[in-house]
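Good morning, colleagues. Please turn to the sequence and the structure on the screen, and I shall take you through a few selected positions.

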Amino acid sequence: MTWKTDEPFLLKPAFKDYLWGGDRLRGEYHKETDLSPLAESWECSTHPDGTSLALIDQKEIPMTEVLKRHPEILGTHPRTRDTLPILIKLIDAKNDLSVQVHPDDDYARIHEHGSLGKSEFWYVLEAEPGASLIYGFSQDVTEEQVRQGIVDGTIQKYLQKVPVRRNDVFFVQAGTVHAIGKGIVIAEIQESSNLTYRLYDYNRRDRNGNLRELHVEKALDVLNLHSSAEPAQPMRLLRYQPGYASELLTRCRYFEVERILLNTALSASVPYQTASSSFEVLMCVQGKGVITGKDFRIPFLKGSTIFLPADSESMFLSGKAELLAINC
């Protein structure tokens with residue numbers, strides 16, 4: 001490689017064609033794939049179920065290979081441990097996703113061959129009028145009520161539906177029953193895990209005509225059966241600086257997500273620097289711009305995702321765009 005390890009690079013995602021997906025990622029977020037429907041793009045991932053590619057020296061190199069050669073680009077944060085601990089996705093829900101739950105780290109380590117569990121964060125990019133999602137139970141339930149509700153289809157009366165608008169945020173702790181509703185496009189930041197226990201799926205059939213598999217016993221092992229408070233949108237404070245504004249969307253033990261509103265119309269560019277303790281990922285979710293350094297220039301637009309190595313060289317952002325900045 002002639003690439004220098006303190007320079008950022010674009011990522012090319014892995015794609016998923018789950019039956020509930022649509023075509024907005026292709027049309028609005030510039031994803032190039034023949035898969036249809038296009039449900040998810042795994043923007044930054046080293047998970048074996050879908051590894052993203054690094055665009056370096058005009059080549060497409062699996063992120064697993066880049067990190068094998070250069071683990072130092074992840075930084076010194078203890079969660080990295082020479083591996084990428086998070087997975088970043090775009091999700092287009094043309095139809096309702098299944099009602100599901102994810103295990104925590106302890107359960108996954110014991111029952112899923114040492115895997116990580118899956119807590120996740122959602123940032124709503126698009127929401128059709130009347131869109132909603134499922135977040136927790138609206139009342140305390142018993143295992144028997146859940147089992148019977150799955151059999152006779154009445155489980156929906158126990159689920160808490162939450163209206164959704166663009167720019168809403170949700171943190172979904174492992175163990176919380178949930179489902180993204182139709183008409184929603186989100187950015188999802190999660191632990192690097194693909195463990196999903198499907199609890200209910202509206203008796204839908206796959207492309208071969210078979211009912212989709214449920215994972216009721218494992219789901220009940222990890223499910224929080226208590227009612228959840230309806231998630232209120234947190235107070236958010238924009239901090240203004242020349243050329244951009246920023247706000248913290250979430251900070252948890254797994255990752256931190258910040259939103260950046262870039263507008264350099266009145267200034268040539270904005271300096272940007274990563275810390276030595278963690279890599280950073282920039283995902284453009286609106287607009288377009290350019291990131292430049294001494295020996296590189298990377299244009300980006302809506303749907304682009306850029307990996308910034310820990311302790312990167314000095315760089316500058318310019319353009320008019322909305323970006324998510326993710327690190328550990």
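Leu 19 lies in the loop that runs between strand S2, residues 14–16, and helix H1, residues 24–27. Please bear in mind that this is a predicted model. Setting aside residues up to four places away in sequence, Leu 19 touches Pro 37, Asn 95, Arg 204, Arg 205, Asp 206 and Arg 212. Between the C-alpha atoms of Leu 19 and Arg 297 there are 38 Å, and these two residues stand 278 residues apart along the chain.

I turn now to Arg 198. An unreviewed UniProt entry lists Arg 198 under "active site". Arg 198 belongs to strand S16, which covers residues 197–200. Why is Arg 198 called buried? Its relative accessible area is 18%, and buried means under 20%. Among the residues that Arg 198 touches, beyond those up to four places away in sequence, are Ser 98, Val 99, Gln 100, Arg 212 and Glu 213. With Glu 213 there is a further detail: the side chain of Arg 198 reaches the backbone oxygen of that residue at 2.6 Å. Arg 212, for its part, is also touched by Leu 19.

Which side chain does that of Glu 258 join in a polar contact? The partner is Arg 239, at 2.6 Å.

Conventions
Residues are numbered from 1 along each chain as its sequence is written. This is a predicted model: local features need pLDDT of at least 70, side-chain atom pairs count only at pLDDT 80 or more; totals for chains, interfaces and linings use all residues. Side-chain values use heavy atoms; hydrogens and water are left out. UniProt positions are given in the numbering used here, feature names are shortened, and annotations may be inferred rather than shown by experiment. Helices (H or I, at least four residues) and strands (E, at least two) are DSSP runs, numbered from the N terminus. Buried means under 20% relative accessible area, exposed over 50%, partly exposed in between (1.4 Å probe, protein chains only). Contact means heavy atoms within 4.5 Å. A polar contact is a pair of N or O atoms within 3.5 Å; within protein, one must be able to donate a hydrogen and the other to accept it, and residues adjacent in sequence count only if both atoms are side-chain atoms.
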